[in-house]
Amino acid sequence: MPRIDFYLLPGADVYQRHVTACKLIEKAYRQGHRVYLRTASPEETQLLDNLLWTFRQGSFVPHEVAGPPAAPAEVPVLLGHGPAPLAMSDVLVNLGTQVPEDYARFGRVAEFIDEDAAVKRAGRARYKAYKEAGHVPETIKLDGGMAG
């Protein structure tokens with residue numbers, strides 16, 4: 001059963017939510033984890049693909065955009081707006097609005113919620129869905145993003 005963490009961010013800044021996700025991904029990568037970043041759209045995938053190279057001076061997070069779900073995953077971080085490749089099962093960072101259908105095969109799921117009304121509403125629905133599936137999600141309140 002995966003560990004599910006909801007990171008609560010102050011404000012309603014989508015850029016800050018993206019940067020905070022990048023910081024968590026970088027931390028997970030440095031700890032040797034393989035990460036799948038699930039986005040809400042192809043446009044958000046492209047934005048995060050670029051942001052992972054630039055979110056912090058000197059950061060290095062080797063990544064690429066995922067191919068078909070059955071494709072082998074050679075890099076430690078993959079991004080996409082659909083299901084993760086079958087080879088990925090360590091950390092799932094979800095920026096989408098729905099509970100990913102393949103979340104249960106991951107060891108850890110990270111969700112990011114800010115003060116935007118639509119983001120909060122979708123986050124509450126995901127939290128409820130995880131609880132109804134028997135999980136006990138943790139909430140982590142952040143002050144302006146993750147340190148590091």
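Helix H2 buries Glu-44, Thr-45, Leu-48, Asp-49, Leu-51 and Leu-52 in this predicted model. The length of H2 (residues 42–54) agrees with its residue count: at 1.5 Å a residue its 13 residues should span 18 Å, and the end C-alpha atoms are 19 Å apart.

Leu-52 of H2 also belongs to the largest nonpolar core, which has 23 residues. Leu-52, Ile-25, Val-93 and Phe-112 are the residues with the most contacts inside this core. At least two core residues come from each of H1, S2, H2, S4, strand S5 (91–94) and strand S6 (108–113). The biggest contribution is that of H1, with six residues. Leaving aside residues up to four places away in sequence, Ile-25 touches Val-35, Leu-37, Leu-52, Val-61, Val-77 and Val-93. In soluble globular proteins, nonpolar side chains tend to be buried together.

Strand S5 is covered on both faces. Val-91 and Val-93 are buried on one side, and Leu-92 and Asn-94 are buried on the other. In a regular strand the side chains alternate between the two faces of the sheet. S5 pairs with S2 in the parallel sense over four bridges, and Val-35 stands opposite Val-91. S5 also pairs with S6, in the parallel sense and over four bridges; here the bridge partner of Val-93 is Ala-110 in S6.

The whole structure contains five aromatic pairs. Two of them, both involving Tyr-130, are listed here.

| Aromatic pair | Centre to centre | Angle between planes | Geometry |
|---|---|---|---|
| Phe-6 and Tyr-130 | 5.9 Å | 75 degrees | edge-to-face |
| Tyr-103 and Tyr-130 | 5.0 Å | 75 degrees | edge-to-face |

Phe-6 lies in strand S1 (residues 3–8) and Tyr-130 in helix H3 (residues 117–132), so their pair ties together parts that are 124 residues apart in sequence. Tyr-103 is in the loop between S5 and S6, and its pair with Tyr-130 of H3 links parts of the chain 27 residues apart. Phe-6 and Tyr-130 are both buried, and Tyr-103 is buried too. Ring pairs join Phe-6, Tyr-103, Tyr-127 and Tyr-130 into a cluster.

Technical notes: Residues numbered from 1 in each chain as written. Predicted model: local features only at pLDDT ≥ 70, side-chain atom pairs only at ≥ 80, totals over all residues. Heavy atoms only, no water. Expected span 1.5 Å × (residues − 1). Buried < 20%, exposed > 50% of the residue type's maximum accessible area, 1.4 Å probe, protein only. Core = buried A, V, L, I, M, F, W, Y, C linked by side-chain atoms within 4.5 Å. Contact = heavy atoms within 4.5 Å. Pairing = 2+ DSSP bridges. Phe/Tyr/Trp six-rings, centres within 6.5 Å; stacked < 30°, edge-to-face > 60°.
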